[in-house]
Amino acid sequence: MSANLSQLKDHLVQHLLMDPELTSSEETAASELDDFVSYLSSEIWPCLPKELRNASYSTLANVPGIDEFALEELTPPTVIESLLSYGICSGDDDAFRLLRKVLQDYVKELCAPPPIWSATRAKECELCGREVPLTYHHLIPRSTHAKVLKRKWHPEEMLNSVAWLCRPCHSAVHRVASNEDLARSYYTLDLLLEREDIQKWTRYASKQRYGVKRG
Ligand SMILES: [Zn+2]
Ligand SMILES: [Zn+2]
């Protein structure tokens with residue numbers, strides 16, 4: 001499977017995890033989620049323009065804008081039907097909105113400038129446990145530091161605590177909570193792991209092979 005296709009899958013999973021219906025059913029096993037998302041991605045993937053399938057930082061100029069993109073014409077009806085029959089989307093418009101957001105995230109991540117990796121600290125991602133290139137996540141996001149100090153949410157010495165996360169886990173964390181929520185309620189790995197959406201994400205991610213090009 002191409003590295004870009006696994007990115008698309010990851011973003012689909014992250015959006016589906018925000019669905020309260022899906023996240024409240026404790027027994028939605030990681031494998032079921034994986035099957036469902038694999039199915040959806042395999043249906044959508046061949047219908048996407050080549051420029052989108054090969055999106056990267058170096059091809060950024062050729063990547064079509066997702067807003068102008070004729071998603072309604074390209075998406076196979078089976079995808080929309082699945083999203084509706086699983087109760088994930090309430091109607092066609094809702095389903096296209098979801099797909100558009102997923103594609104926006106997909107493009108944004110693939111076309112981002114290459115991150116500065118550091119493999120000097122933890123070797124394994126602290127959420128999914130995979131041995132892959134890591135980024136560091138400020139458990140108390142930097143954008144909140146001034147507020148955190150002013151409101152005395154945390155002592156100053158805690159501001160620099162970081163977790164070493166792979167890129168997909170890092171984006172999952174920022175997808176489930178705003179920076180302020182992270183700062184106030186999810187400022188340790190244990191607290192993050194108490195969230196059911198993060199647990200599900202972690203179980204899913206730990207089973208995924210990390211694409212060679214994804215580092
Ligand atoms: Zn990870
Ligand atoms: Zn972060």
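1. Buried here means under 20% relative accessible area, exposed over 50%, and partly exposed in between (1.4 Å probe, protein chains only). By that rule Cys125 is buried at 4%. Cys169 is buried at 0%.

2. The model is predicted: local features need pLDDT of at least 70, side-chain atom pairs count only at pLDDT 80 or more, and totals for chains, interfaces and linings use all residues. Residues are numbered from 1 along each chain as its sequence is written, chains are lettered from A and ligands numbered from 1 in the order in which they are written, and side-chain values use heavy atoms, without hydrogens and water.

3. The zinc ion (ligand 1) is held by SG of Cys125, Cys128, Cys166 and Cys169, at 2.3 to 2.4 Å. Donors are N, O and S atoms within 2.8 Å of the metal (3.2 Å for Na, K and Ca); water is not among the atoms, so sites may look incomplete. The donor angles run from 102 to 118°, which makes the arrangement tetrahedral (four donors, all angles between 85 and 135 degrees). Cys125 sits in the loop between helix 7 (92-110) and strand 1 (134-138) and Cys169 in helix 9, so the pair ties together parts 44 residues apart in sequence. Helices (H or I, at least four residues) and strands (E, at least two) are DSSP runs, numbered from the N terminus.

4. The zinc ion (ligand 2) has His137 (ND1), His170 (NE2) and His174 (NE2) at 2.0 to 2.1 Å. The spacing is H-x32-H-x3-H. His170 and His174 both lie in helix 9 (residues 167-176), four residues apart, about one turn. His170 is buried at 16%; His174 is partly exposed at 35%.

5. Disulfides (cysteine sulfur pairs within 2.5 Å) number zero.

Methods. Tetrahedral: all angles 85-135°; square planar, octahedral: opposite > 155°, others 65-115°.
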